[in-house]
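Subject: Structure for your review

Dear colleague,

I am handing over the structure we discussed, and below it you will find notes on what came out of it. Please read them with the model open beside you.

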Amino acid sequence: MSTATSSGTLQAIPGTPLSRLLSDGWVMSWRNMMKIVRVPDVLVFSLIQPIMFVLLFSYVFGAAIDIPGDGYTSFLMAGIFAQTVVFGSTYSGSAMAQDLKDGIIDRFRTLPMSGAAVLIGRTNGDLVINALAMTVMMGTGFIVGWRVNTSPLEFFAAVGLLLLFAYAFSWVMAFLGMSVRSPEVINNASFLILFPLTFISNAFVPSENLPTPLRIFAEWNPVSSLVQSARELFGNVPPGTPAGDAWTAQNPIATVLIGVVVLLLVFIPLSIRKFATLSR
Amino acid sequence: MAFIEASGLVKTYTPKGAPVVRALDGLDLEVPQGTVTALLGPNGAGKTTTVKVLTTLIRPDAGSATIDGVDVLGDPQAIRRMIGASGQYAAVDENLTGFENLVMVGKLYHLGTKVAKQRATELIELFDLVDSQKRPVKGYSGGMRRRIDLAGALVIKPPVLFLDEPTTGLDPRSRLGLWDVIETLVSDGTTVLLTTQYLDEADRLADSISVIDEGRVIAKGTADELKSSVGGQRVALTLVDPADGAAVRDILARFGTGEPALTGGRTWIVPVDDGPSALSAIIGAVSAAGIAVHDAGMRRPTLDDVFLQLTGHVAEQQEEEATEAPA
């Protein structure tokens with residue numbers, strides 16, 4: 001070390017690349033959680049919207065849609081969960097775009113920190129918001145008559161699967177946020193894409209009643225697999241529902257797990273590389 | 001070898017549907033250890049791009065750069081451990097308090113929580129932010145925000161500091177305050193590269209000035225050297241009615257030794273040989289023509305004149321956002 005850098009400059013404590021990644025990732029997660037605390041609008045909207053959906057769908061559609069077994073509310077819950085966590089993940093996209101715009105990302109990139117940590121912190125932030133939203137929705141669901149008919153183990157497996165899928169999706173959105181760089185575009189585009197994606201699925205109505213083209217789309221729709229998995233694990237599949245013809249419809253849990261692994265394997269390296277080459 | 005060295009830096013951008021922009025066009029730079037060098041130039045000259053290359057944010061298309069012998073392109077992570085950067089692009093987190101921002105930066109330099117907190121406390125005191133340290137930065141004034149931003153660059157007491165337009169957009173009082181802080185810093189030996197579009201800022205803070213235009217250094221030296229290279233005396237006339245400009249231009253051209261130039265909307269400047277006699281002749285001609293003036297006098301050349309002489313255009317002083325490099 002030369003004289004210039006040793007005179008009074010504060011030195012880093014020793015660490016391995018892994019310990020650095022973990023500590024940087026924790027600092028970045030903390031930063032995003034502080035944002036949830038200091039700007040509660042995001043959290044409030046993430047929580048009020050699902051409560052509203054549970055109540056609206058349950059009472060408005062519940063009166064018109066006849067579902068055998070436990071009724072529409074129990075059928076609905078897996079769908080609302082899936083829709084909420086998928087929309088919750090889009091926040092990673094707009095937040096990355098916003099951070100880029102604000103210049104804070106440039107600050108981070110002049111520091112000797114791990115670039116991946118910024119992304120880890122970002123996606124962890126979504127995970128926290130989604131977990132909170134799930135908790136509030138479950139409470140609301142129980143009040144309006146949702147019943148879980150399986151063991152606690154299966155219940156938590158369903159919750160875990162929903163959050164895992166949303167987490168993987170956050171990485172996709174973080175990548176898109178860095179590519180598009182406009183928080184507004186990300187918000188509007190994800191609304192335009194995700195609204196049909198969540199509605200043309202089995203989330204709110206049984207897909208076998210849909211017109212054929214929509215039914216085929218719904219069966220292959222990854223959101224349907226997620227909803228179907230959660231519904232099976234909660235024990236909320238209405239009796240006598242035929243499984244779809246598609247392999248994905250017959251093996252929803254495996255489909256979701258494969259999807260999660262593929263998304264993570266593709267988008268974690270892609271996002272980290274994108275981050276490293278930003279503004280070049 | 002100079003502490004900061006850059007040679008032949010080239011960076012081009014291709015905006016959609018527009019011709020290629022050469023943000024850097026073979027830029028060379030040398031900053032000796034413990035000195036302050038100012039990059040002076042208008043928006044789009046390449047100042048920010050130069051700093052972005054040296055702070056590892058962008059890779060140039062060609063050229064090389066070292067800081068204290070460390071290759072900026074080859075070992076960016078080592079560079080990041082010895083620099084502090086602050087300015088228009090390196091922001092702070094609005095939702096965190098001033099103190100939290102500094103602790104976060106300290107932790108990201110891997111100083112450990114204890115040292116990070118100690119250092120944040122020191123900096124909060126140094127920058128006179130004790131009263132507001134527990135409030136989110138969102139509510140800070142422009143001057144306070146710049147101070148916390150600058151404090152963020154000083155967390156590791158870096159041997160080299162990059163300040164990109166540190167006072168752009170600040171009111172005059174905050175500017176003076178920030179200048180004091182920067183002067184204190186450089187007095188204890190930090191090597192500083194700062195960019196500015198304010199000639200008075202470069203004049204006040206920098207040991208050496210590199211004038212940049214269109215991605216190249218077009219002149220360098222101390223403020224005095226640059227001023228004397230322009231040479232001579234000047235007569236400046238400030239008009240009551242800018243519409244008299246054309247007439248005044250003709251008069252000045254008659255008595256001056258060079259092209260009259262308009263600065264600040266209604267002030268015309270012309271280089272002259274013999275200041276006093278030229279001034280009285282010009283005043284005589286102007287009043288004979290019935291043109292009203294606010295102010296008439298002799299001026300030593302300023303860096304404005306240097307810039308004008310070198311580039312053929314006046315340095316931009318508008319406080320618009322620099323758009324020289326797509327972020």
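In this predicted model, the axes of helix 3 (residues 40-61) of chain A and helix 4 (residues 72-102) of chain A come within 10 Å and cross at roughly 155°. Since angles over 145 degrees count as roughly antiparallel, helix 3 of chain A and helix 4 of chain A are therefore roughly antiparallel to each other. The crossing of these two helices is right-handed.

As for the residues that meet there, helix 3 of chain A contributes A:V42, A:P50, A:F53, A:V54, A:F57, A:S58 and A:F61, while helix 4 of chain A contributes A:Y72, A:T73, A:L76, A:M77, A:I80, A:Q83, A:T84 and A:Y91. Sorted by class, this contact between helix 3 and helix 4 of chain A has 11 nonpolar, four polar and no charged residues.

Turning to the interface between the chains, 46 residues from chain B and 35 residues from chain A take part in the contact. The area buried between chain B and chain A is about 3500 Å², and carbon and sulfur atoms give 59% of that area. On the chain B side, B:L57, B:L108 and B:H110 lose the most area to chain A, together 21% of what that side buries.

Four salt bridges are found across the interface of chain B and chain A. There is also a salt bridge to look at between B:E100 and A:R38, whose closest N and O atoms are 2.8 Å apart.

With best regards

Technical notes
Residues numbered from 1 in each chain as written. Chains lettered and ligands numbered in written order. Predicted model: local features only at pLDDT ≥ 70, side-chain atom pairs only at ≥ 80, totals over all residues. Heavy atoms only, no water. Axes fitted to C-alpha atoms, helices over the stretch in contact; angles between N-to-C directions. Helix = DSSP H or I, 4+ residues; strand = E, 2+ residues; numbered from the N terminus. Parallel < 35°, antiparallel > 145°, perpendicular 65-115°, else oblique. Left-handed = near helix turned anticlockwise from the far one by under 90°. Contact = heavy atoms within 4.5 Å. Nonpolar A, V, L, I, M, F, W, Y, C, P; charged D, E, K, R; others polar. Buried area = accessible area lost by both parts, 1.4 Å probe. Salt bridge = Lys/Arg side-chain N within 4 Å of Asp/Glu carboxyl O.
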